[in-house]
Amino acid sequence: MQKLFILIFLYTSAGLSVFNHANAFEVETVFHGVLDVRATSTDSLTSYTQGGYGKFALDNGETLSLAQAGGEASLIWDNGISAHVVANAYNNDNNFDIGITEAYLKYTGLPNESGYRWQSKLGIFYPRISLENNAYAWASKNTLNSSSMNTWIGEEVRVLGNELTLTRLGKFNKNAFDVSFSLSTFVNNDPSGSLLSWHGWTISNRQTLWTERIKLPAFRARMEGYDLYTQASKSDPFIELDDRVGAHLRAEVKFHKKGALSAGYYNNNAKPYIVEYGQYGWKTRFTHIDLRWLLPKGFVLTSQVLHGDTLMQSPNKQDVVNNDYTSGYMAITKRVKAHRFTARVEKFNVKDNDTTLGDNNTERGKAATLNYTYRLSKPWFISSEFTWIDSYRPARMYTNNPIDLTERQLTLAARYFY
Amino acid sequence: MFTKLPTLTLYQLKSVILLLLVSVSSHAYNNDTNSSNSLSINVLNVNSQPLENMVVYVEPVGHTITHKNVATLEIGQQNKSFMPYISVTQLGNEVAFNNKDNITHHIYSPVGKSKFSIKIRSGQTLVKNNFQQAGEVSMGCNIHDWMSGYMLIVDTPFFAKSDKNGQVEIELNKSGQYKVVVWHPQMNEANNRMSKVINVNDSMSITMQLLNPMDEIPTQKNEDDFDFLSDY
């Protein structure tokens, strides 16, 4: 399968005259990244990152953390091909983790006379979904924690595959908009959906490292004699179980000086009744709609909605987990000189459609985040952020925690971009 | 095709800029036998207001001009934009692309015989001297899509851009018939131009007024003002 992706990439880049360029093999090396240190006070449960039901990346209590040390290394050839490796390290509550989060080759062609441009990616990458996480090393620009929707993307949606993008630049056609279409075909995202189902929506900046496994929370169905006894205690979101190819389609219209509207459909096409070493295939499909709009007086609106389903079955094709889920946020940001103010509200839910005993995945919640960031100097940003989450999740009863819970987090952070 | 210039010292840079200024300001030579006729052109928009940065060039009709307006045209890449947005030069002249930003730019033009593509590293100047054809060269940056610049290559030594009063002064060294052309990529006329044929036998002033409103000039600004976005 991987060979097919490589062939597609080579075909598109070679066919588009990579090797005809004047200084085709001259190379530039570029390093970028982010350091993010936080002092945080969290009013929650044990974090979901440690197998709890807490919705933040940090456990209940006060702590000083290395919230992100991220770096991107890029080799950029003059022929349009570039190679990128992104690594991230985290030290939250004395748990230190380091690893690769993305690694890919990219080809960017030149626009033709009509303004059409091909781009291609090959490797491990994020499907283009998040409008928040486009700073170096997938850091979120305006807030410290990403929305629940994009926290999930960072946790469970990453692929090994190929992405082809065709863009039509409006400036060559006297149009005040650019249009682009992308198609990704991929493998290695078969267990996606398990963490969302079992710990629910979360709000943090934590990205799952490519080889990382995330501890599952405790619930009755995992006990001996119940349906999920054979499930491994950690989920490994980026593995291939069924040798089937998934796809992500995306279309975007960028209106010059106004904003952009995009929509996409993701389907990992996993066989839901496969299980290997305790990792199940989860057939996960969702649609996302994304809007970024420049409002009067320098306000910028960002809003995204994601809605989909996930299905995991027993080897004899009985539904074990069958969930629908939705998450959407709306954020407003405004910069006044070195000061930036951001407010975000969001709503999320999981609807549990199966009857598996001891595995209630139902969830309904809402959250609000307020961020103030001061740009101390060009690379240094000092932020304070408050997040409030109010949710209903019956699964918390499996650990004797309240079904209705309000969680809060106050963070002071220093971020350095280089 | 491209020549890389060595890194200049500040002093050298100042001298180069000074030289460029001198050569740009003396764009109309007077080395022919006839007396000098000063042609003053006033460019106005549809509402009779002066238009700045419009390219005006004057071509002889029925006679030829032999001298060349030799000057290197400099097109800078500064603050992730083309500086200036509009440039004009005579066919055969060198064009120096000068990246004043601290990042790499990938300048290209996708159309016609003047098609080109160059990557320019921070602080680098690349000189291109093989433009083959007069006409409009629309340029972009393949890393920063909002960047947009235009160069007009003309086949005459008489050209200039209008000042803030919409004014252009051109010294013609020969009496005779001339075609005065005003060009701008956002001009709403056929071929983005309007022209007038005039007889010049003395210093004279003419007005060129647009018939339609101009299209909006691109701002060359990224809509996202965050400095640490992953470009790739």
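# Two chains and their interface

Chain A has 3 helices and 20 strands; helices (H or I, at least four residues) and strands (E, at least two) are DSSP runs, numbered from the N terminus. The radius of gyration of chain A is 21 Å, close to the 22 Å of the globule rule for 418 residues, so chain A is as compact as a globular protein of that length. That radius is taken over C-alpha atoms, and the globule rule is 2.2 Å times the number of residues to the power 0.38. Along the principal axes, the C-alpha atoms of chain A fill a box of roughly 65 × 55 × 35 Å.

This is a predicted model, in which local features need pLDDT of at least 70 and side-chain atom pairs count only at pLDDT 80 or more, while totals for chains, interfaces and linings use all residues. Residues are numbered from 1 along each chain as its sequence is written, chains are lettered from A and ligands numbered from 1 in the order in which they are written, and side-chain values use heavy atoms, with hydrogens and water left out.

One backbone feature of chain A sits at Asn188(A), which has a positive phi of about 65° although it is not a glycine. Asn188(A) belongs to the loop between strand 7 (177-187) and helix 3 (194-199) of chain A.

Next comes the interface between the chains. Here 42 residues of chain A are in contact (heavy atoms within 4.5 Å) with 31 residues of chain B. The two chains bury about 3,200 Å² between them, 45% of it on carbon and sulfur atoms. Buried area is the accessible area (1.4 Å probe) that two parts lose on being put together, summed over both.

The rule finds 11 salt bridges across the interface of chain A and chain B, a salt bridge being a side-chain nitrogen of Lys or Arg within 4 Å of a carboxyl oxygen of Asp or Glu. Over all chains, the structure holds 25 salt bridges. Arg121(B) and Glu26(A) form one, at 3.9 Å from N to O. This pair crosses between chains: Arg121(B) is in the loop between strand 9 (116-120) and strand 10 (125-128) of chain B, and Glu26(A) is in the loop between helix 1 (2-15) and strand 1 of chain A. Another salt bridge joins the side chains of Asp227(B) and Arg375(A), at 2.7 Å from N to O.

On the side of chain A that touches chain B, the elements giving two or more residues are strand 1 (27-43), strand 2 (61-77), strand 3 (81-92), strand 4 (95-108) and strand 14 (283-294) of chain A. By class, that side has 16 nonpolar, 9 polar and 17 charged residues. Ala, Val, Leu, Ile, Met, Phe, Trp, Tyr, Cys and Pro count as nonpolar, Asp, Glu, Lys and Arg as charged, and the others, Gly among them, as polar.

Chain B is divided into domain 1 (37-67 + 157-214) and domain 2 (68-155), with bounds from an automatic or database domain assignment. Their C-alpha centres lie 23 Å apart. Contact involves 14 residues of domain 1 of chain B and 12 residues of domain 2 of chain B. These domains bury about 1,300 Å² between them, 65% of it on carbon and sulfur atoms. On the side of domain 1 of chain B that touches domain 2 of chain B, strand 3 (55-61) and strand 13 (158-161) of chain B each supply at least two residues. That side has 6 nonpolar, 6 polar and 2 charged residues.

Pro84(B) lies in the loop between strand 5 (81-83) and strand 6 (86-90) of chain B.
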